[in-house]
Amino acid sequence: MASRAPDWLTARPVAHRGLHDRAQGIIENMPSAIDAAIAGNFAIEVDLQLSADGEAMVHHDYELGRLTQGSGELLSLTADELKQVAFKHTPERMMTLSDLCERVDGRVPLVLEVKSRFNGDRKLVGRMAQVLESYRNPVVAMSFDPDQVVAIRDLLPYLPRGIVAERYYKDGEWKLLPPEKIRGMMGLRHALSTRPHFVAYWVNDLPAPAPWIARNVFGCALLTWTVRTPEQRARAARHADQMIFEGFVPEG
């Protein structure tokens, strides 16, 4: 079956948060991790968060502190303030999505994950749409939150979109979501509204019925995350079209 996603999405492994290596001072989602992924000709997955003044920032955590000298909620600071936050293992500073697009400039594909607080706020997707309006290079967007994928569909209808998913949502931050929200995410039940071009599924949950149906019945490309071990790599090769990896450098 022909894939609903562009061929370039699955042509090369995707470097999770860039090709980072803390031991070498190359930190996830930072400029040097982007440069390393480009040098290896890998597609790049990064996380987007909203700043206090509505800018799309390239960073994973909602709270500062794991990687930075600063602390507190990322959402409480403006883009200029976030660019002043020092990191623990690198002199580099946080990028905006505009910074990222200028740096990559189409040399490899981008996979943008929209981080969500599951509150229906579309400002981050709106800002992403503004930035990508002038970026005519390979890029897709995805989110765990079906409402954000619908926002991508509404605000960037030309952009390939994906849902990030797993089989169960029982641990950690998932316990904070209302049960009805979790039920709506189980088994890709939102697919009629999100209409994804691809699915990014947790490697440890493969194989599973929902991604199999999405891939083999509805033609969605199937990425799998986060591949770190030889066992996970073998599982990805058996059950998915491409892997999102970290902790090693795929050969070839």
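**Exercise 1. Find the side chains with which the side chain of H60 makes polar contacts.**

Solution. Start with K115: the side chains of H60 and K115 form a polar contact at 3.4 Å. A polar contact is a pair of N or O atoms within 3.5 Å; within protein, one must be able to donate a hydrogen and the other to accept it, and residues adjacent in sequence count only if both atoms are side-chain atoms. Next take D61, whose side chain makes a polar contact with that of H60 at 2.6 Å. The model is predicted: local features need pLDDT of at least 70, side-chain atom pairs count only at pLDDT 80 or more, and totals for chains, interfaces and linings use all residues. Residues are numbered from 1 along each chain as its sequence is written, and side-chain values use heavy atoms, without hydrogens and water.

**Exercise 2. Place H60 in the chain and list what it touches beyond four places in sequence.**

Solution. H60 sits in the loop between β3 (56–58) and β4 (63–64), strands being DSSP runs of E, at least two residues, numbered from the N terminus. Beyond four places in sequence, H60 touches R17, E28, N29, D47, Q49, R66 and K115, where contact means heavy atoms within 4.5 Å. For N29, 31 residues away along the chain, the C-alpha separation from H60 is 7.7 Å.
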